[in-house]
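Student: I would like to learn how to read a structure like this one. Please take me through it step by step.

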Amino acid sequence: MPNIVTCFKWVIDEAYIRAGSSGELDFRSVNYKISDYDRNAIEEAVCLREEYGGSVTGVTVGTPQATKGLKDALSRGPDKAYFIKDGSFESLEPSQTAGILADVIGSKIEYDLIVCGEGSSDLYAQQVGPRLAERLRIPCISFVQKLTIEGNQITAERRLEHGIEVTAAPMPVLVTVLPDINTPRIPGVKDTLMASKKEIINITKDDLTQIYEEHLQTTSMLAASMERNCVKFGADPADITGFVEALLKEGVIR
Amino acid sequence: MAGVWILAENREQTLELLNIGRDLASKMGTKLAAFLWQGRELAEEYISHGADEVMLLPSLPEDQPLDAYIPVIAEEAQKEDPDIFLVSATMRGKEMAACIATRLNTGLCSDCIALNLNDESKTLEMERLAFGGAAVQKVTCSTRPVMATIPLRMFEPAEKQDGRKGEIKDLPAPPPSSVKVLERKPKEREAKDITEASVVVCVGRGIEKEEDMALARELADVLGGEIGCTRPISEEMHWLPEELCIGLSGVHVKPECYIGLGVSGQVQHVTGIRDAKVICAINKDENAPIFDAADYGVTGDLYDVVPKLIEEFKKATTS
């Protein structure tokens with residue numbers, strides 16, 4: 001029965017980010033959430049446990065603020081979670097996140113399969129999965145839309161630009177899953193109550209074997225501007241004609 | 001030996017990266033090297049289009065994934081110490097780049113949408129989107145090589161130049177990967193490629209029933225376009241295949257004209273259409289965020305507006 005690890009990230013909900021007057025990002029009214037793609041990863045891990053047995057362990061790296069995220073993640077089905085936290089784990093780059101995850105997963109957790117989302121909904125660099133696999137020296141199969149386990153072997157269907165690639169590898173393996181691999185369950189009241197009884201193992205920076213330095217320096221992070229006309233029409237006949245004429249004038253309709 | 005290195009899955013992407021690679025290599029006074037595994041015959045073509053060196057990898061057995069090359073590529077990079085390493089941002093390319101960057105203990109700018117070599121500091125300034133496309137993040141990298149994945153069609157293919165000379169270097173075969181490819185199923189082309197369409201009509205949650213998709217299709221047909229959709233339509237409703245889902249994690253489209261029908265305009269979706277020449281939106285909610293991203297918006301019930309538009313467009317395009 002497979003020991004499954006699933007990694008998740010507690011992120012700013014981008015829908016609440018506003019642009020300030022000089023293009024700076026206004027985070028004043030933001031909410032946080034489990035990264036959308038990671039919900040699929042957690043769901044897939046839990047579905048695999050329902051089918052094949054075994055266990056599901058969630059792992060996250062973040063600031064103490066991510067405590068809420070642990071409960072949220074556990075309400076989605078994992079048996080327990082590791083919370084690697086430090087006040088300095090605020091804007092880690094993918095190489096640091098992967099290094100820290102590998103440090104803890106490699107030394108403290110027994111695993112056969114690691115399930116990650118294809119990217120995070122804040123940075124969407126799509127690096128942590130493959131980087132984590134490299135660090136742990138296990139194969140990575142990315143962009144998976146279907147997963148099955150047979151004995152010690154994982155079979156994974158990758159959906160790539162030009163078609164599907166069906167691959168197989170002996171466990172341990174890391175996979176990154178596509179959003180359409182499943183529909184994440186919405187936790188109910190019972191799930192939330194159960195989650196508060198589950199074990200959370202806290203790991204601090206001092207428990208890590210090394211410091212993971214950054215390679216990238218973010219020199220600016222500003223609101224993306226889209227320069228568009230923003231001309232609005234109503235639905236009456238004169239407006240409809242006006243809209244069609246505007247497109248003809250642009251020369252984009254022939 | 002240093003230099004600018006490029007890695008892409010096919011000829012077309014390689015030519016695009018040769019264009020930016022040549023530019024950077026010339027500015028830095030260094031050489032440009034390209035990886036190749038699709039056959040030696042392409043090496044001369046890459047050289048004539050700007051490469052100073054082609055690093056030729058032996059072809060893989062049928063059951064081996066492209067990732068099998070990672071150890072050989074990383075070892076070569078450790079030996080040769082390139083300054084810059086650009087990889088085509090295909091799905092395989094992104095995975096390979098992340099693995100190679102880890103082996104080289106360096107940073108990687110994913111989906112880099114702009115890059116500029118600072119004349120004074122000689123650092124490569126890179127831009128990418130963050131927060132679903134709501135923000136632009138500018139990064140530099142302090143370790144070698146500076147790595148980035150470059151989206152498809154960001155650069156024109158490099159032009160052929162007469163009389164160029166270059167070297168071909170044979171690299172060793174990689175050890176077999178423990179991942180085996182059991183089967184490859186090429187995509188069946190159902191519709192025309194949406195990324196090539198000049199008009200894209202996009203279906204959003206405002207479409208109430210599957211049979212109403214006919215309305216969107218009719219509008220697309222009148223305009224000689226294709227239809228696409230937002231994520232809920234493909235992922236939850238399954239009315240269209242995933243390949244037609246437009247957005248950050250779906251396809252990116254660059255049509256002359258995009259028309260969103262009942263599309264609310266979530267930032268992830270808007271990121272997938274940001275390169276459209278003209279963006280139009282039809283939505284009954286006048287506060288829908290799509291209107292901030294649109295050149296022309298119609299506030300109204302799409303079931304009322306679209307049939308009228310079809311009539312108007314028919315008149316306009318046949319006259």
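Tutor: We go through the chain contact, the sheet, the domains and a helix pair.

Tutor: This is a predicted model, in which local features need pLDDT of at least 70 and side-chain atom pairs count only at pLDDT 80 or more, while totals for chains, interfaces and linings use all residues. Residues are numbered from 1 along each chain as its sequence is written, and chains are lettered from A and ligands numbered from 1 in the order in which they are written.

Student: How many residues of chain A are in contact with chain B?

Tutor: Two residues are in contact if their C-beta atoms, placed from the backbone, lie within 7 Å. Here 68 residues of chain A are in contact with 74 residues of chain B. Elements of chain A that give two or more residues to this side include helix H4 (128-136), strand E9 (140-150) and helix H6 (237-250); helices (H or I, at least four residues) and strands (E, at least two) are DSSP runs, numbered from the N terminus.

Student: Which strands join across the two chains?

Tutor: Strands of a sheet pair through backbone hydrogen bonds, either parallel or antiparallel. Two strands count as paired if DSSP finds at least two bridges between them. Six bridges join E11(A) to strand E11 (residues 180-186) of chain B, and the two run antiparallel. Glu165(A) has Arg184(B) as its bridge partner.

Student: What is the strand order in the open sheet of chain B?

Tutor: The order of its seven strands is E5-E9-E4-E1-E2-E3-E10, with parallel pairing. At the edges are strand E5 (108-109) and strand E10 (167-170) of chain B, each pairing on one side only. Three bridges join strand E1 (residues 4-7) to strand E2 (residues 32-36) of chain B, and Trp5(B) stands opposite Ala33(B).

Student: Where are the domains of chain B?

Tutor: Domain bounds come from an automatic or database domain assignment. Chain B is divided into domain 1 (4-170) and domain 2 (194-318). Their C-alpha centres lie 35 Å apart, and four residues of domain 1 are in contact with six residues of domain 2.

Student: At what angle do helices H5 and H8 of chain B pack?

Tutor: Axes are lines fitted to C-alpha atoms, for helices over the stretch in contact, and angles run from 0 to 180 degrees between N-to-C directions. Helix H5 (residues 213-222) and helix H8 (residues 302-318) of chain B pack at about 15°, with their axes 10 Å apart. That makes H5(B) roughly parallel to H8(B), a word used for angles under 35 degrees. Residues in the contact include Leu215(B) of H5(B) and Phe313(B) of H8(B).

How values were computed: Parallel < 35°, antiparallel > 145°, perpendicular 65-115°, else oblique.
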